[in-house]
Every structure is written in structure tokens, then in C-alpha cells.
Amino acid sequence: QLEKALSFARENRDKLMLLGEALVELGFCLESDIARTMAHKSKAKFIDMNDVQINIQASNLISPELASKYSALPIDFTEDNEKLIVAMQNPTDLMAIDDLSLLTGYEIVPVVVEDSQLKSAIDHFDYMSNSNINTYNEDEEDIGANTDDDEVITLARPAVQLVNQILNQAIKAKASDVHVEPGEKRLKIRYRIDGVLHDIMQQSPKMAPSISSRFKVLGNMDIAERRIPQDGRMTFKSQGVIADIRIATLPTVFGEKITLRIVDRNSKLLTLDKLGMPEKQRNGFYKAITFPYGFILITGPTGSGKSTTLYAALSRLNSPDKNIITLEDPVERRIEGLNQIQINERAGLVFSS
């Protein structure tokens, strides 16, 4: 039977058929037999999806696309809420487990379910996500424009919960940036982790205005102004981590895009020795920052390490015999011993003045 199944799997290689699927297809065993064997082999728990109530908050930690890509679906949290229980086709797929842990910010506890049950759950998750998106009607009025007060209140409540979820999850995943991007049919939330943007979740576009308003309230911005870009800042505490967050809004054709820059106040500053510069370049940089006059120009795209390099240089120069003044917009890290100035355009305190 095993020889027949291996041969059958090879013949269906274009369908990426697994050995277990071939054994079931040929009628040699049941799906539950394969799943229980996988569970025994990987020392993971076997679960019957018919006995499980899926936790929506857990499943929403990833997008339907990621669920399909990894053949995995978060179904609940552990009792202490410290770990994420994920139903998987292959609980020994360490790459998938590492990626899901990185994207969700939780340690992953894989459990095994029957393939057909998992596929059905992922398809249902995908359908529910898209059905929420497709309920949007272009003729419906945007929240905050001419909507009834009751509708504003109804949408605002889940917006508060969703914003808290976005921030908590981003800090847990050690994301440096969060992008909240409204589109015609969906509102996309993406995190930048280790310099790479990842799709995390999608919501109905009707949520966009209320989420935008919530972030503006947190960042002390004008919630009535939607025509021009705005900047704000806030401090957020999550599970003992205190983060300084810069908030920027940008009007687009489908609503306001929100970008967050997250800085963990407790994270240690990198030293110049740990930035990875080649020795010759590092020595040249050391010499340049000790000159009594002149300037150093540091350029690069988002996430390339400009601020990290500048703060590392300032930390090296910081000593009692020096008077160091910085002009920053915004001040991302507060360093003892420096005179850091926050640019304030409203007050006329700009770089030129």
C-alpha cells in the first residue's frame, strides 16, 4: 500500500500531493488516522475542529492569504494569553512556525487537525473576511461626514478595540512601522518587521474613518481636518513595554493613510561598534565625528538605519566636557546629557530659525 501511495503521489506531483493525502485518496486509511499519526510524530495535540469554537481575535492576527500560504489558522490563545494555538497541516514546518511567530508576536503552539477540516476552516475564514469587505456600498456615506450619530458610535467602539489590537500586536511582533492603508474594497494593515513589510490583516473600508479618527485622538491631532497631512505622537504601554509612537496621516483617494513609527523606550541603543561597518569605514567615521567643525550627511530610505547611526554617533560623543544640541523632528530617543530640541512649526521653531 505504501509503494502504491508513493507512486500515486509522484504521479500527482503537479498537485503537490503529500503522502498522507495519497494514502487517504487510495482508501488505505482515514484522514483522522493521518492527522493522529502526525500529532503523535510531532508530539502535538490532535484536535477535532467540530469540537472547537474558533476565537475570531486569534484568527484575525493573520490574513487569509497567510493562512492559505502556510495551511495554518490561529484558533485560540492559551489560558495565560501568552501563546497562540494554531491548527496546522504540518506541525513540524519550523519555517511556517517561525514566520507566524514573527508576524503575530506570539509563541506558536501547533495543533493537528484533519486536512479537510482545516481547509474548510480556512475557506470559511477567507469567505468571512471578503464578505465583510464586500458589504461596502459606494453610495453609502462615509462615517464622520453625514452619518447618523448612532452609526458613528457603533463603528467607533470596534475601532477602539481594533486600534488597541493593532498596537499591542505590533509591539509584540517588534514592528518598527505600522501602515494602515484604505482601499476601495478593503482596509489593509501592514507591519514592517526587520525592514520588510508584511500583510497582517484586512478590514472593511467602512472602518477606515473611525480608525483614522481614533489614531488622531491618540496623537492630539485635528480629527476634523482630512484634507492635509498631519503629524502627532503618543506613548503606548503594552505588557510592560513603553513605546513612543509617531503618527502621520496622509489623505489618499480612498481615505486617510495612517503610518506609525514605533520606538521601544526600553530598547538599548546600538553602539557604533555594533552597526556592522567594515573596520576601515568605521575608523573613518570615528575620525569624522571628532572634527571640531564641518558636517556629516547621512541619507537613505525608510528603515535603512539613519536615526540608529546618528544616535549611536551622539552616544559616542556624549561626555561631560561637551555641549551637544540637537534639532530633531521628531525626537525619537531621549538621551541623558544631550540638549534635544523638538521642532514645532506652529510656534515658529523650525530648522531654519
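This is a predicted model: local features need pLDDT of at least 70, side-chain atom pairs count only at pLDDT 80 or more; totals for chains, interfaces and linings use all residues.
Modeller: Residues are numbered from 1 along each chain as its sequence is written, and side-chain values use heavy atoms, with hydrogens and water left out.

Biologist: Happy to begin! What makes β2 and β3 paired strands?

Modeller: Strands are DSSP runs of E with at least two residues, and helices are runs of H or I with at least four, numbered from the N terminus. Two strands pair if DSSP finds at least two bridges between them. β2 and β3 (residues 83-88) have five bridges, in the antiparallel sense, so they pass that test.

Biologist: Why are β1 and β2 called edge strands?

Modeller: The open sheet has four strands in the order β1-β4-β3-β2, with mixed pairing. β1 (45-46) and β2 (72-77) each have a single partner strand, so one side of each is left without a neighbour in the sheet.

Biologist: How do you know that helix α6 packs on this sheet?

Modeller: Contact means heavy atoms within 4.5 Å, and helix α6 (residues 94-104) touches β2, β3 and β4 (107-112). Its direction makes about 130 degrees with that of β4; axes are lines fitted to C-alpha atoms, for helices over the stretch in contact, and angles run from 0 to 180 degrees between N-to-C directions.

Biologist: Why is the pair of Phe77 and Tyr106 called tilted?

Modeller: Rings of Phe, Tyr and Trp (its six-membered ring) pair if their centres lie within 6.5 Å; planes under 30 degrees apart count as stacked, over 60 as edge-to-face and the rest as tilted. A search of the whole structure finds one aromatic pair. Phe77 and Tyr106 are 5.3 Å apart centre to centre, with 50 degrees between the planes, so the pair is tilted. Phe77 lies in strand β2 and Tyr106 in the loop between α6 and β4, so the pair ties together parts that are 29 residues apart in sequence.

Biologist: What makes the order of the other open sheet, and where are its edges?

Modeller: Six strands run in the order β7-β6-β5-β10-β9-β8, with antiparallel pairing. β7 (196-203) and β8 (230-238) stand at the edges, each with a single partner strand, so one side of each has no neighbour in the sheet. Inside the order, four bridges join β5 (residues 177-182) to β10 (residues 255-264), and Val180 stands opposite Ile258 in β10. Seven bridges join β6 to β7, and this hairpin has two residues between its strands.

Biologist: How do you know that there is a cavity?

Modeller: On a 1 Å grid over the protein atoms alone, a cavity is a set of points where a 1.4 Å probe fits but cannot get out, and lining residues have an atom within 4 Å of a point. Grid points are joined across faces, edges and corners, and a volume is the space filled by probe spheres set on the points. The structure holds one cavity of 30 Å³ or more. Strand β9 (residues 241-252) gives the most to the lining, with three residues.

Definitions and conventions:
On a 1 Å grid over the protein atoms alone, a cavity is a set of points where a 1.4 Å probe fits but cannot get out, and a pocket is an open set with protein on both sides within 12 Å along at least five of seven lines; lining residues have an atom within 4 Å of a point.
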